[in-house]
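Here's a quick briefing for anyone meeting this structure for the first time. Have a look at the model, then read on.

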Amino acid sequence: MTLPSSIYSDDLELLRSSAVAAGIIASGFFRRDVKSWTKEHDSPVTEADILVDRYLAASLLAARPSYGWLSEETADNPSRLDCERVFVVDPIDGTRGFLRGEDSWTVSLAVVENGVPVAGVVYAPVRDEMYDALKGGGARLNGNPITRSRRAGAPPLIPAPGAVHQEMQLAGLHYSRGPMYPSLAYRLVQVATGKLDAAVSRRGSQDWDIAAAALILDEAGIGFADVCSGFPQFNKRDTRHGALAALGDMSLKPLVHAALIKVYGCPAETETPQEKTLT
């Protein structure tokens, strides 16, 4: 195996330390009377999201001024497309849960090189869980290699939107509904730990939602794909993705992928009125 370059290791340490500091800042607003408002698609944002985003932009770009920047809470600058390496940032992933006082929200940070994540961190401050990965260097939880704990004899545990559940049940898949953690990044990495057997996402997730988790899953040996196009590519002009699935058990792939395609379709396909209703 080719050893990861030292710059990737240095980038990972930068992401780790920045995620911890960001978590401290965000935690100061957690379960308090925080100012919030809605943005496009009725998505919530809080003053904590903005403050953490500003901190991360200042600290990360000061350390790597040649890197591009893509963040949920920063207006997109197309100059990132000209950068070999780009920070991809979600200052608080799971803002709805953050506002409700749920403790699984995360800080999600990645470095993407030529469209591929090479260093990534998903940090859940309240749960004191630091998931990280280095391209070619494995995935860790709190500094230890992630090992998947299988639930012997139990049916697969899969959280999913209601329409996807309906399709999987119609296809005869025997499983239990898993917890729908508000942070997509946190939900995805739980497939690596074995707390979930699969996790899916409806069409429309963005680079910042999944870049760090995608690397962690890949380095942990977990199958992760856009169900229409394969492993996601990042830092493209359009940062949105199709329906996604992370699978700890690849025998689930045919039915899970088929259910997602039935509900959300693929870009080259024309949706039927029924499929539009299901979304």
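Strands β6 and β7 run antiparallel, and six bridges hold the pair together. Keep in mind that this is a predicted model.

**β7 and its two partners**
- Two of the residue pairings here are D132 with R140 and A133 with A139.
- The hairpin of β7 and β8 has three residues between the strands, and in this hairpin G136 has a positive phi near 80 degrees.

**Buried or exposed: what about β7?**
- β7 is mostly covered, with six of its six residues buried.
- In a regular strand, side chains alternate between the two faces of the sheet.
- In β7, E129, Y131 and A133 point one way, while M130, D132 and L134 point the other way.
- Both sets are buried.

**The whole sheet**
- Zooming out, seven strands make up an open sheet, in the order β3-β4-β5-β6-β7-β8-β9, with mixed pairing.
- At the edges you'll find β3 (68-71) and β9 (144-145), each of which pairs on one side only.

**Helices on the sheet**
- Helix α2 (residues 47-63) packs on the sheet and touches β3, β4 (85-93) and β5 (106-113).
- The direction of α2 makes about 155 degrees with that of β4.
- Helix α6 (residues 207-219) lies across β3, β4, β5, β6 (116-124), β7 and β8.
- Relative to β6, helix α6 runs at about 100 degrees.

- The protein chain averages a pLDDT of 92, and 93% of the residues score at least 70.
- Watch out for residues 270-279, where the pLDDT is below 50.
- That stretch has 13 contacts in the model beyond near neighbours in sequence.
- Where pLDDT is low, the predicted coordinates should not be read in detail.

Definitions and conventions:
Residues are numbered from 1 along each chain as its sequence is written. Side-chain values use heavy atoms; hydrogens and water are left out. pLDDT is the predictor's confidence in each residue, from 0 to 100. Contact means heavy atoms within 4.5 Å. Two strands pair if DSSP finds at least two bridges between them. Helices (H or I, at least four residues) and strands (E, at least two) are DSSP runs, numbered from the N terminus. Axes are lines fitted to C-alpha atoms, for helices over the stretch in contact, and angles run from 0 to 180 degrees between N-to-C directions. Buried means under 20% relative accessible area, exposed over 50%, partly exposed in between (1.4 Å probe, protein chains only).
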